[in-house]
Amino acid sequence: MAILNVSNIQRFSTGDGPGIRTTVFLKGCNLRCPWCHNPENISPSPQTLVFKAAGKTATYGVIMTPLEVADDVSEDAEFYNAGGGGVTLSGGEPMLQYEGAAELAAILKERGISTLVDTAGSVPWGNFEAVLGCVNDFYFDIKAGSREKYAALTGGDFDLIVSNLKKLVARGASVTARIPFIPGVNTSDEELRLILKVLLDAGVGRADLIPFHRLGSAKYAAMGLDYPFAKTLPPAAEEVARTAELLGKYIETGIE
Ligand code: SF4
């Protein structure tokens, strides 16, 4: 049986998919986005964060079997049925742990619980193929619209994520693109146009804008790290609403 390196399990999570959900955060990521709000999930090693101001510590990283995770999240199964809820696998990059993710999603499927995978997509295609039969939905991050910018921002391979996105859509998977909307990084009209072109080329039918926030700041401090985006303000609500509306319209009509 495969194993899962679990950072934490968050019940009644919001923003990680429709309905009432439990989010299983898996530890370890192969990208390095400087605005990341889950820095505790980047290293695969266990970590204890010391929140000095709150006088608290929190430890992230425990090895569990897919069955152990399934039994844990199944405790809230009665809440998932309302509003299309279920279990979200997030991270870090959950698709790095595709074998455990596939086993977990298969167990949940048998129990009538749906699974959504929230991925940045920078893994070999075979990892996706392994979970296609048991994962119901994918949230797929697109952080930049060009090879050069994507590599400079994340250290990842733009061609690989675009190829994976196209293949997922072509295989009939339920895919929602997620665009982190990061001031000073990808909020210009030019950058958004490039991202939109990627989504339209891939045939993605849904896209969400995810506005930057600083809720992860305390975790950087608790890890003894400087947060490169500590002074960056979240985008104005009007700008987010206007951009999201335009994005939705273009995705629907196919106009670039
Ligand atoms: S892909 Fe997600 S978890 Fe990984 S560094 Fe980027 S924002 Fe953080």
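Q: Which residue in strand 2 is the bridge partner of Asn8?
A: The partner of Asn8 is Phe25. This is a predicted model, in which local features need pLDDT of at least 70, side-chain atom pairs count only at pLDDT 80 or more, and totals for chains, interfaces and linings use all residues. Residues are numbered from 1 along each chain as its sequence is written.

Q: What counts as a strand, and when do two of them pair?
A: Strands (E, at least two residues) and helices (H or I, at least four residues) are DSSP runs, numbered from the N terminus. Two strands pair if DSSP finds at least two bridges between them.

Q: In which sense do strand 1 and strand 2 pair?
A: Strand 1 (residues 4-13) pairs with strand 2 in the antiparallel sense, over five bridges.

Q: And in which sense do strand 2 and strand 6 pair?
A: Strand 2 pairs with strand 6 (residues 86-90) in the parallel sense, again over five bridges. There, Arg21 stands opposite Gly86.

Q: Why is strand 2 described as largely enclosed?
A: Six of the six residues of strand 2 (residues 21-26) are buried, so the rest of the structure largely encloses this strand. A residue is buried if 20 or more other C-beta atoms, placed from the backbone, lie within 10 Å of its own, exposed if 12 or fewer do, and partly exposed in between.

Q: Which of them point which way?
A: Arg21, Thr23 and Phe25 point one way, while Thr22, Val24 and Leu26 point the other way.

Q: New topic: how many residues has the largest nonpolar core?
A: The largest core has 53 residues, and Ala101 and Leu199 have the most contacts inside it. Helix 3 (residues 98-110) gives the most to this core, with seven residues. A nonpolar core is a set of buried Ala, Val, Leu, Ile, Met, Phe, Trp, Tyr and Cys residues joined through C-beta atoms within 7 Å.

Q: What is Ala101 in contact with?
A: Leaving aside neighbours within four places in sequence, Ala101 is in contact with Leu89, Pro94, Met95, Val117 and Val131. Contact requires C-beta atoms, placed from the backbone, within 7 Å.

Q: How far apart in space are Ile107 and Val175?
A: Ile107 and Val175 are 22 Å apart, C-alpha to C-alpha, and 68 residues apart in sequence.

Terms used:
Two residues are in contact if their C-beta atoms, placed from the backbone, lie within 7 Å.
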